[in-house]
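Visitor: I am new to this structure. Please walk me through the terms, one by one.

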Amino acid sequence: GRPSAMAAARVCLLGAALVVAENMNGRYSVTSGSRHDVAFNDDYAARGHEFFDVWSPEIATRYGEAFWTDLGNNPLPPHIVARFANKTIAITGYEMDQVFVSPVGSPGLHPETDVSVPLTFTYNHHYMMWLTGARTELIRVPADPDDTSAHGAPTKLVPRTVGGYAPPDSLPSSTLFSEGNGGESRKSFHGYPDGFAQLLHSPTKWHVTPMQIDVRNRDCGATAADVGRCLSFTPGPEPRQARYGLRVPGLVAGTNAGGVPGVTNYSGLLECPCTGRYGGDPAVYPEGGPGGSATKIINHDYRGRSVGACGPAQHVLSAPACFAAAAGLGLNATAVQNRSLHDLAIPRGCTVTTDPVTGATAATFNTAPSTAACAPGKRRVGQVTSAVGVTVAFDLHLKDNLATITLSGPADGWFGVGLHALVMADAPYTLIASASGVFEQKIGTCGSEAEHCAGTRLATSVKLVSNFVVDGLRTVKLTRPLQGLTPDHHTFNPATDVTVDIITAVGASQTFAQHIAHRHATLTLVEAGGAPTCVCDDGARGDLCETGGEKCTHFVKQCLPPEHDADGRHYPFGDLLEQRNPTCNSIGYAGGLRCCSHGRILLDADQAIRPELLRYHHKYRFWFQEYKPPERTVGEWSYQPGWLPDGDDVAPPAQMTLEEAWAQCARVAACHAVLLHAPEPRPPANTPVWVHFKGRVGLHAVDVSRPGWHTYSMATPGSHANLDRLYQQTESYAGEYDVPPAFATPGVPIPGYPNWPLGLPTPGTACTGACPTPDLPTRYGADCECEHTISLHFNISEERLIYAGGHCHAPSCIDIRLYRNDTGTPQLLCEQTTKYGTGDVGNDRFDEAGFVALPPCLWEGDGLDPAPWLPANTPVISVKRNRNTRLGHFGEMASWQMRGVSFPKPPPRQAVRL
């Protein structure tokens with residue numbers, strides 16, 4: 001028989017087949033302001049929305065493996081591409097799952113047989129997903145360390161239209177999805193109230209970069225047929241550093257032996273612990289990694305300085321330290337003469353000099369309280385040879401604005417040098433030499449795969465002087481200006497290019513391809529005229545390394561300071577620096593994204609890597625409506641008090657009566673509205689006023705906050721307002737942070753806080769009940785409860801919030817709250833409280849014990865609070881809480897992924913009688 005209206009509304013096209021439309025993941029909970037589980041209709045089909053499904057390419061991992069890489073551009077379903085060619089789709093929401101498919105490797109062939117992969121098989125840490133239009137491409141660019149939108153990656157994708165294409169009406173040609181995008185994703189709502197959407201013109205492709213961690217114990221199997229096995233979580237082996245070396249949640253401390261934890265409902269691997277394979281903390285691996293080789297090495301970071309003198313806390317304090325520092329600076333000398341003296345005429349502390357005649361190099365430690373400074377001079381020179389036989393020499397002439405560069409390496413293949421880099425992912429300016437000459441490249445621009453990424457060829461800025469081979473060694477000499485041709489071409493500055501980290505590599509042939517060997521080296525340029533170069537101690541440095549001390553890297557994140565410190569007042573401000581959070585510096589770093597790069601195995605080197613692959617796909621269901629653009633209603637006018645956005649003027653402004661303006665707008669096909677500035681909405685007849693003639697782009701954005709402006713429309717607005725993305729991390733600008741255990745455990749040092757006193761709460765922690773004290777450091781009464789809190793004070797400007805979704809990780813997240821503070825008394829905007837699974841997977845496959853759903857805040861719709869308007873520079877506070885009574889957690893996140901529109905709620909339209 002004929003289906004009912006409701007049943008018909010639930011029938012959608014999927015490929016060529018008709019299927020019954022329903023939420024892919026069941027029903028959802030929604031919050032509005034402080035109200036939880038509000039009566040909002042989350043059933044997309046019941047609201048008349050359609051959907052299409054897409055599957056990612058296959059993800060295949062071994063136990064303990066991190067998967068964090070691009071999966072490339074993938075086509076959208078052909079019927080969607082055809083239907084919306086030169087039209088606009090309104091994405092009103094989406095759902096996400098990770099699924100086994102049948103047959104294996106054939107996603108979408110039999111969607112009815114898809115089986116959801118539990119989070120106890122593979123943990124969805126996060127994803128970044130794009131939809132793009134017909135004339136748009138995604139390009140990868142390096143991410144600024146302060147750019148939180150990259151979610152911790154060294155590079156990020158940005159959309160770019162091709163050939164100067166501009167979609168009509170300024171409609172988007174790409175859109176990003178990353179709301180509630182971790183383990184909480186499947187049961188957190190990703191939709192919007194009616195009338196709001198992410199708009200996209202001429203959709204053609206989609207693109208996803210997943211970040212997954214394989215946590216399935218292979219003794220329980222790793223296929224679709226094994227989903228019903230080991231329903232009570234059965235953990236696999238974990239490295240010693242997992243769970244801060246504490247083996248069992250709420251029970252006993254570990255023994256620093258690694259292995260399988262006791263009773264638990266989650267894997268310690270999902271927090272990306274550093275391990276004996278990479279970056280393991282000396283507090284957990286006191287003997288170093290397997291074989292006695294340390295994977296975190298604490299050094300002093302000695303650097304040359306050519307301008308001024310070392311700071312008060314940067315002087316090298318002893319002659320032995322000075323001489324050791326000089327030996328590690330990469331000076332161009334077969335031997336360095338060490339000397340100590342007391343001389344007010346030369347800079348205090350440690351300096352190095354090179355005799356301009358003999359070339360002899362000296363390291364000098366001066367005990368005199370001198371105020372003399374180092375000077376940059378007119379020319380700086382230096383040379384170093386790396387462990388793979390690549391030599392680089394620089395001769396920088398400040399007066400002549402000329403850099404002379406000499407490279408040498410094995411003649412049987414290409415070789416290269418990257419400047420100011422420790423690893424390829426630093427995306428350095430690189431010179432590649434071979435039999436055919438030299439070219440310039442920006443390498444390492446492929447995100448988490450940057451370790452083997454050729455990158456992008458740069459325009460030529462070098463002049464080849466010579467290229468010759470002697471005894472199997474190729475030497476090339478070239479010159480170029482000190483100033484880089486583009487921002488991607490390094491600009492040499494003799495004042496700051498003093499101690500330079502470089503990476504070197506050699507290839508197997510003359511064709512530039514993946515290297516066969518590579519090493520980091522350090523080069524220091526000294527003043528060619530013999531003036532001293534100061535050697536300063538920039539402080540302790542933690543090098544995170546692979547086994548054997550290879551591929552080391554270090555970092556200092558731009559964690560925000562507190563509101564007040566010795567440098568004055570700061571805004572925005574946060575808690576991480578004041579709490580000395582270990583994430584801020586590689587010295588204390590113990591786990592998180594830096595230890596979870598693509599393909600890394602999160603096990604100690606003495607733990608076996610099982611060969612069985614877990615093979616699955618990401619699956620997304622996009623819900624949509626057809627976007628209806630504004631339509632002219634010739635002769636029918638409506639009035640709204642307020643101002644229309646700048647731009648989209650279809651005729652020059654003019655002085656005329658309102659009636660003349662209406663008539664002129666009706667004669668211009670592109671005109672949809674007139675905007676006038678006058679004391680009253682309808683000026684007296686025959687009274688000229690200044691009138692602006694507007695198109696249809698901003699008809700939905702009439703701003704009532706500007707007095708004296710009046711809008712008359714001869715059109716209906718578009719069916720949906722496009723939602724802007726607002727992104728802010730409570731942990732700015734770290735990208736993640738650590739939640740340490742509330743208290744230190746006797747005999748088990750806390751990585752990042754190795755000497756923390758017993759019985760005192762760790763920074764950021766507050767406790768109630770009978771908890772440990774200095775006198776009773778092991779007391780844990782039944783009522784002992786501890787929480788770790790961070791906060792951020794920042795601004796949001798001119799946004800009306802429609803959606804706010806937080807992002808946090810199982811298993812400790814409590815809530816994340818957002819307040820406005822423009823009155824000085826914080827007012828709650830959004831309170832997101834976690835909902836933890838109970839383990840009843842028989843009735844709900846997503847009800848996994850200990851894993852979270854994070855209901856987002858929605859505004860402006862049935863059952864929802866009115867949307868808050870935040871005018872320019874509205875002070876806002878974010879507060880995030882986690883449980884940490886017995887265990888700590890690495891790599892936690894507290895980001896806000898919000899959507900809104902940049903105009904207040906427009907006033908109602910009033911029909912105008914002409």
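The talk below sets values against definitions.

Guide: This is a predicted model, where local features need pLDDT of at least 70, side-chain atom pairs count only at pLDDT 80 or more, and totals for chains, interfaces and linings use all residues. Residues are numbered from 1 along each chain as its sequence is written, and side-chain values use heavy atoms, with hydrogens and water left out.

Visitor: What makes the protein chain as compact as a globular protein of its length?

Guide: The chain has four helices and 59 strands. Helices (H or I, at least four residues) and strands (E, at least two) are DSSP runs, numbered from the N terminus. The radius of gyration is taken over C-alpha atoms, and the globule rule is 2.2 Å times the number of residues to the power 0.38. For 914 residues the rule gives 29 Å, and the chain has 31 Å, which is close, so the chain is as compact as a globular protein of that length.

Visitor: Why is the link of cysteine 767 and cysteine 786 called a disulfide?

Guide: A disulfide is a pair of cysteine sulfur atoms within 2.5 Å. The sulfur atoms of cysteine 767 and cysteine 786 are 2.2 Å apart, so the pair qualifies. Cysteine 767 lies in strand S47 (residues 765-768) and cysteine 786 in strand S48 (residues 785-796), so the link ties together parts 19 residues apart in sequence. The structure holds 13 disulfides.

Visitor: How do you know whether cysteine 786 is buried or exposed?

Guide: Buried means under 20% relative accessible area, exposed over 50%, and partly exposed in between (1.4 Å probe, protein chains only). Cysteine 786 has 1%, so it is buried.

Visitor: Why is cysteine 220 called buried, and what is cysteine 230 called?

Guide: Cysteine 220 has a relative accessible area of 3%, so it counts as buried. Cysteine 230 has 29%, so it is partly exposed. A disulfide joins the two, S to S 2.0 Å. With -90 degrees about the S-S bond, their link is left-handed.

Visitor: Which parts does the disulfide of cysteine 830 and cysteine 857 tie together?

Guide: Their sulfur atoms are 2.0 Å apart. Cysteine 830 is in strand S51 (residues 827-833) and cysteine 857 in strand S54 (residues 857-858), so the link joins parts 27 residues apart in sequence.

Visitor: How much of the protein chain is buried?

Guide: Buried residues make up 55% of the 914.
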